[in-house]
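Please read them with the coordinates open.

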Amino acid sequence: MFVCAGSMESFSFAKPVGIGLIQSAIGLTQLVLEKNPSWLIFIGTAGSYDPDIPLFSIKESVAASQIELSYLENHSYTPLDNVTSLEDVSHETISPLIVNSSNYITTNARLGKRLHEMGISLENMEFYALLEVAKHFHLSAKGIFCITNYTNEKAHESFIAHHQEALQRLESYVRERYAQYL
């Protein structure tokens with residue numbers, strides 16, 4: 001089953017689950033209980049911590065982290081395992097691209113660089129929650145992301161400027177590469 005955040009990131013072939021970590025976890029849990037899917041593919045946009053990833057690139061991932069920016073400056077800690085990953089639904093080899101999720105968007109380039117140095121490449125608000133729900137229900141899952149911005153002081157402006165084209169590119173990518181599942 002294809003899923004997306006919904007609201008301004010909706011696709012005709014994907015069920016909306018909600019925006020952010022909490023809404024998406026609740027919405028996806030309800031969907032899984034109602035529809036009983038055997039796999040999940042999340043489609044959405046992402047910001048990049050990696051300056052070498054071009055805008056509008058399409059990236060796939062089966063790994064996510066949930067690291068808050070305060071952690072990077074030793075202002076917080078967590079007793080939770082804040083990195084999760086699952087197997088690819090098609091069992092292809094996918095590079096270990098980690099997507100960080102938070103209810104906050106990174107606008108500090110220095111902190112974005114720190115996350116990149118930790119091996120984390122992208123930022124999407126929902127993906128960590130999606131993988132945790134998939135793991136709970138023993139479902140195969142992955143995410144497909146189009147890069148709209150870099151994580152810096154212009155992150156929001158760039159996201160807004162590139163959002164529509166990113167959605168079009170995502171839809172074309174999924175329709176071409178995953179046509180047999182639509």
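1. The side chain of Ser 102 makes a polar contact with the side chain of Glu 68 at 2.7 Å; a polar contact is a pair of N or O atoms within 3.5 Å, where within protein one must be able to donate a hydrogen and the other to accept it, and residues adjacent in sequence count only if both atoms are side-chain atoms. The Ser 102 side chain also reaches the backbone nitrogen of Tyr 104, at 3.0 Å. This is a predicted model, in which local features need pLDDT of at least 70 and side-chain atom pairs count only at pLDDT 80 or more, while totals for chains, interfaces and linings use all residues. Residues are numbered from 1 along each chain as its sequence is written, and side-chain values use heavy atoms, with hydrogens and water left out.

2. Ser 102 sits in the loop between β7 and α3; helices (H or I, at least four residues) and strands (E, at least two) are DSSP runs, numbered from the N terminus. Ser 102 is buried, with a relative accessible area of 4% (buried means under 20%, exposed over 50%, partly exposed in between, with a 1.4 Å probe and protein chains only). Leaving aside neighbours within four places in sequence, its contacts (heavy atoms within 4.5 Å) are Leu 21, Gln 66, Glu 68, Asn 124 and Met 125. Ser 102 and Leu 21 are 81 residues apart in sequence, yet their C-alpha atoms are 6.8 Å apart.

3. Thr 106 belongs to the loop between β7 (98-100) and α3 (109-117). Thr 106 is buried, at 1% relative accessible area, and its side chain makes a polar contact with that of Glu 123 at 2.5 Å. Not counting residues up to four places away in sequence, Thr 106 touches Tyr 49, Leu 69, Gly 112, Glu 123, Thr 151, Asn 152 and Ala 155.

4. Helices α1 (residues 20-35) and α4 (residues 127-136) pack at about 30°, with axes 8 Å apart; axes are lines fitted to C-alpha atoms, for helices over the stretch in contact, and angles run from 0 to 180 degrees between N-to-C directions. From α1, Leu 21, Ser 24, Ala 25, Leu 28 and Thr 29 meet Tyr 128, Ala 129, Leu 130 and Val 133 of α4. The residues of this contact divide into 7 nonpolar, 2 polar and no charged (Ala, Val, Leu, Ile, Met, Phe, Trp, Tyr, Cys and Pro count as nonpolar, Asp, Glu, Lys and Arg as charged, and the others, Gly among them, as polar).

5. How many residues of α4 are buried? The number is 7 of its 10, and α4 is mostly covered. Among them are Phe 127, Leu 131 and Ala 134.

6. Phe 2, Phe 11, Phe 13, Trp 39, Tyr 173, Tyr 178 and Tyr 181 form one aromatic cluster. Rings of Phe, Tyr and Trp (its six-membered ring) pair if their centres lie within 6.5 Å; planes under 30 degrees apart count as stacked, over 60 as edge-to-face and the rest as tilted. The count by this rule is 10 aromatic pairs. One of them, Phe 2 with Tyr 178, is edge-to-face, at 6.4 Å centre to centre and 80° between the planes. Phe 2 lies in strand β1 (residues 2-4) and Tyr 178 in the segment after α5 (155-177), so the pair ties together parts 176 residues apart in sequence. Both Phe 2 and Tyr 178 are buried.

7. Ser 7, in the loop between β1 and β2 (15-16), has phi near 55° and is exposed at 63% relative accessible area. Asn 36, in the loop between α1 and β3 (39-48), has phi of about 50° and is exposed at 64%.
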